[in-house]
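Please read this note beside the sequence and the model.

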Amino acid sequence: MRWQGVTVDYPLRRLRAVQDISLEVSGGEVLAVMGPSGCGKSTLLKTAAGLVIPTEGTVQLGGDPLSGPSRRVAMVFQEAALFPWFTVERNVVLALPRTMPLAERASQVSRLLDTVGLSDFAHVFPRELSGGMARRAALATALARDPVVLLLDEPFSGLDVTSRRRLARELAGIIAERALTTVLVTHSVDEVLMLADRVVVLTARPGRVRVDFPVGLPHSRRGNEPELDTLRNSLYRILETEE
Amino acid sequence: MGKRLLQGLTLPLGVVLLWWAATEAALVNTTILPGPGEVFLAVADLVGDGRLWGHLDISLRRVIGGFALALLFGLPVGLAVGYCSRVREFLAPFLHFLRQIPPIAWIPVFILWLGIDEMSKLAVIAYAAFFPVFLNTAAGVGSISQGYLQMGRMLDFKWVESFRHIIWPAALPSIVAGLRLGMGNSWRALVVAEMIAASNGLGFLIVDSRQRVDTPEMYAGILVIGTVGLILDYLLVGLEARLLVWQDR
């Protein structure tokens, strides 16, 4: 996935969300995007989803420019990540390719719910799930598309520390197993350090790439490696000093 | 449940008790306000001689017919206005103008246009129910979170799928609220229409009994109208609970 000179303006709101962003995420890489609130992180993610078309520049997936949502890209939204009027199972079914035979769908759904640890919650409505469970259910719907690229918008927001760490670990496992190219927008430094291969920090609005640095650790992290402490400190330093 | 029922019944029972005491103590003229016992006997008489069923039957037919007409127009217009800003700009000013005119003002017009028979009554009832149905449907569709629509785009939904899986279910709580308000409106409009121009129905029963100076029966009619209205609303509350199981209550 590649952004080339991407600028996004919202003319109605008279604002420039991101400006001249050029980035590349290679296959299987996990890129974390951080930055102050309102700096255009979510907009950047939506350009990758094909939901927002750049005012200038292009977004490419495997060399082809994106002109709308692609089957190969799945996104977990921050809010409205599940349809509240459908059960968890139905949410996942709706995300499956429509060409899939009916018989196969049931097994696929149970496999996906098993992957995210929600096998016992297939017939439950989203309001009955805890915050962490709802995120995992949303992840199952994203995985149902069998994507190449996974986009995650604040997957840990609103979760308590334990749930965040658990979700981060589970995510790391799923991403590694499926070799998903992942772009993750978040405020959460600890989870970034558990998941990301690379961290990009954007400036305040309009967002531009301010820092782009590699984490340089293998995927199977416990979260308490000494190298992570150094990275954590430098990341906090960057985030705390505004440009 | 039992406690709530008891709480809900406290005030009506208190009113009946006061009413009874006032008539027993001859504080009121019983020709104008007969005692509760007399009124309940009048209800029993109406039930016993079958007249109540006749009036109730025709009133319910009218209200269901008029309400169905309101749905037939209110739902699609509400969906279109909520979904499409062009339609909204085109229709909304005119509909908001119409909304200011109470159903009762149309009764003479509808009688002139549609005759004094059933059609004019159906029109008044439909008109009364149309606005809550239309406005709530439009508001429900208009306030759907962009996030759900974007999710639909990510899932490659065609228009029909977006409607089935997002627009309709997301707007349904508001639509059902509109149905309840609309049903209440049509029931009230029905009674008014029947009081002005009818030879049967519960509204007619009230006017007729007043002309015959049969005040117990007049109050009996009022009691029945309130009770049936309440039952209709409870039926819709039941429908709401069934349709919106996914919602937090």
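1. B:Cys84 is partly exposed, at 29% relative accessibility, whereas A:Cys39 is buried, with a relative accessible area of 0%. Here buried means under 20% relative accessible area, exposed means over 50%, and partly exposed lies in between, with a 1.4 Å probe and protein chains only. Over all chains the structure holds 0 disulfides, a disulfide being a pair of cysteine sulfur atoms within 2.5 Å.

2. Basis of the values. This is a predicted model, in which local features need pLDDT of at least 70 and side-chain atom pairs count only at pLDDT 80 or more, while totals for chains, interfaces and linings use all residues. Residues are numbered from 1 along each chain as its sequence is written, chains are lettered from A and ligands numbered from 1 in the order in which they are written, and side-chain values use heavy atoms, with hydrogens and water left out.

3. Salt bridges overall. Side chains of opposite charge can pair when their charged atoms come close. A salt bridge is counted where a side-chain nitrogen of Lys or Arg is within 4 Å of a carboxyl oxygen of Asp or Glu. Over all chains, the count by this rule is 22.

4. A helix pair in chain A. A:Glu191 and A:Arg164 form a salt bridge, at 3.6 Å from N to O. A:Glu191 belongs to helix α6 (residues 189-195) of chain A and A:Arg164 to helix α5 (residues 161-178) of chain A, so the bridge ties together parts 27 residues apart in sequence. Helices (H or I, at least four residues) and strands (E, at least two) are DSSP runs, numbered from the N terminus. A:Glu191 is buried at 4% relative accessibility; A:Arg164 is partly exposed at 24%.

5. A strand pair in chain A. A salt bridge of 3.0 Å, N to O, joins the side chains of A:Arg198 and A:Asp212. A:Arg198 is in strand β9 (residues 198-202) of chain A and A:Asp212 in strand β10 (residues 209-214) of chain A, 14 residues apart. A:Arg198 is buried, at 13%, and A:Asp212 is partly exposed, at 38%.

6. Chain B. In the salt bridge between B:Glu118 and B:Arg62, the closest N and O atoms are 2.7 Å apart. Since B:Glu118 lies in helix α6 (residues 118-142) of chain B and B:Arg62 in helix α3 (residues 51-83) of chain B, the pair ties together parts 56 residues apart in sequence. B:Arg62 is buried at 3% relative accessibility, and B:Glu118 is partly exposed at 32%.

7. A network. Salt bridges link B:Asp49, B:Arg51, B:Asp208, B:Arg212, B:Asp214 and B:Glu217 in a network.
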